[in-house]
Amino acid sequence: MARNCHSPIAAEQNEAACSLPLVAIVGPANSGKSILFNHLTNSYSIVANYAQTTTRSLRKKASFAGRESLLIDTPGIASLSVTTDDEKETRNILIDDRPDRLIFCGDATALKRTLVLLAQIKEFGIPTVVALNKVDDALKKGVLVDVEKLSTEMGLPVTEIAATRGIGIDKLEKTMINAASSAPAVSPGCIVYSSRIEEMLAQMTAVFPDELRPSRAEMLLILSGDADVRQMTETLCGEALAAELNAFLRKVWLKTSPSNLRTAIFNARIAWAERVTDRVSSSTTLDLAGFAHRAAAISRHPLLGWPVLIAISFRG
C-alpha cells in the first residue's frame, strides 16, 4: 500500500518533508541505530529503549550524492509482534508511512537474533540495505561473519560497519547511493513457511486488489491474530473488503488457532536463522593455542583487521 503522509506520525512533518524520499533506520534495540543516524545526518540524537519509557522516532534530512532524503531514527524492536509503545511506533512507521527505503542496522555480536528480525522486515517488500554493525566487537570475540555469503542468503546488499568508530560509514553511503540509482529488486521474503501457511497467504492475497494488498509481513501478523494490524488494514480497505477478510479469517481459525499459527511462524524463523548463522559465520576461542590462527584471520579482515588486532593484543 502507498505511503500515508497524513498518518498521526507523518502529520507532524510539513508537506515539503513529506515529499522527500523516506529512509528509515530499523533494527534491534542497542544495535547502534542512533549512532548511525548521527553519522548520516551530522547531528546528535538519543533514542533509548528503557522499561516504562515511551520513546519517539526522530526525523532529519540527509543527503546521499547530493540527493536529499528524510531519514528516520526509530526505536529498536525485537519482533514485529510488538509489546511496547516504542516498538509499536516503529511498526506503524513501516506500515503507515511505508518508507521508500530501509537501512537495517544489525548486530554482528547477536547474529541469529538479528536475522530473525531481518527476515520479518524483509517481508514488507521495501528495498533494504543491511548495515551489519558491531563487527569490531564480534571480531574481538573471535566471531567472523562472511558478509558476501550473508548478502547472497538474504538477497540484500550488506555492508559491515563499526558505528562507534565511524568505520564503514562511507562505504554504507556508497551502497545506499548505488541502491537508490538502480531499480529495486525486492523479493517478498527469504523464508518459505509450511505448505499450509503459504496456502493461507496465497488465499489472503487473492482477497485484495493490488493497490490495497497488505505486505507479506502484515498478512502474517493478521493470520497470527494481531488485532491492531488487522484493524489498520480494515480501515484502509473499507467495509466490503473488511467483511471478506473477516470471513476468510473465521474459516482459517476454525481449523488452526492464531496462537498455533504464531508458534509455527516463529519456529520457522528461528530454524531458518540458525541455519543461515551456521553458514555465514565462524568462531574461534580466545586461548593461547588458537590466538595465532585467530590473529591471522582478523588481520586479513578488509575493513577492521589491524585496528581490532591491536585492540585485542592490548586488551586480551
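Guide: One begins with confidence. This is a predicted model, and the mean pLDDT of the chain is 85, with 78% of its residues at 70 or more.

Visitor: How many contacts beyond near neighbours in sequence does the stretch 10-14 have in the model?

Guide: Residues 10-14, where the pLDDT is below 50, have seven such contacts. Over residues 287-292 the pLDDT is also below 50, and that stretch has three contacts beyond near neighbours in sequence.

Visitor: Which overall quantities describe the chain?

Guide: The chain has 316 residues, and buried residues make up 51% of them. It contains 14 helices and eight strands. The accessible surface comes to about 14,900 Å², and carbon and sulfur atoms account for 54% of that area. Of the contacts between residues at least 6 apart in sequence, 72% join residues at least 24 apart.

Visitor: In what sense do β1 and β3 pair, parallel or antiparallel?

Guide: Strand β1 (residues 22-26) and strand β3 (residues 67-73) pair in the parallel sense, over four bridges. Within this pair, Ile-25 has Asp-73 of β3 as its bridge partner.

Visitor: How does one read the two faces of a strand, and what covers the case of β4?

Guide: In a regular strand the side chains alternate between the two faces of the sheet. Both faces of β4 are covered: Arg-101, Ile-103, Cys-105 and Asp-107 are buried on one side, and Leu-102, Phe-104 and Gly-106 on the other. Seven of the seven residues of β4 are thus buried, so the strand is largely enclosed by the rest of the structure.

Visitor: Which strands pair with β4?

Guide: β1 pairs with β4 in the parallel sense over four bridges, and Val-23 has Arg-101 of β4 as its bridge partner. β5 also runs parallel to β4, joined by six bridges, with Leu-102 opposite Thr-128 in β5. Together, β4, α4 and β5 make a right-handed β-α-β unit.

Visitor: Why is helix α9 described as largely enclosed?

Guide: Eight of the eight residues of α9 (residues 216-223) are buried, so the rest of the structure largely encloses this helix. Among those buried residues are Arg-216, Glu-218 and Leu-221. They pack against α3 (85-97), α4 (111-122), α8 (195-205), α10 (227-237), α11 (239-255) and α12 (258-280). After α9 comes Gly-225, with a positive phi near 90°.

Visitor: Is Arg-91 buried or exposed?

Guide: Arg-91, found in helix α3, has a relative accessible area of 1% and is buried. Leaving aside residues up to four places away in sequence, Arg-91 touches Leu-80, Ser-81, Val-82, Leu-221, Asp-226, Asp-228 and Val-229.

Definitions and conventions. Residues are numbered from 1 along each chain as its sequence is written. This is a predicted model: local features need pLDDT of at least 70, side-chain atom pairs count only at pLDDT 80 or more; totals for chains, interfaces and linings use all residues. Side-chain values use heavy atoms; hydrogens and water are left out. Buried means under 20% relative accessible area, exposed over 50%, partly exposed in between (1.4 Å probe, protein chains only). Contact means heavy atoms within 4.5 Å. pLDDT is the predictor's confidence in each residue, from 0 to 100. Two strands pair if DSSP finds at least two bridges between them. Accessible areas come from the Shrake-Rupley method with a 1.4 Å probe; for residues, only the protein chains shown count as cover. A crossover is right-handed if, with the strands pointing away from the viewer, the path from the first strand over the helix to the second runs clockwise.
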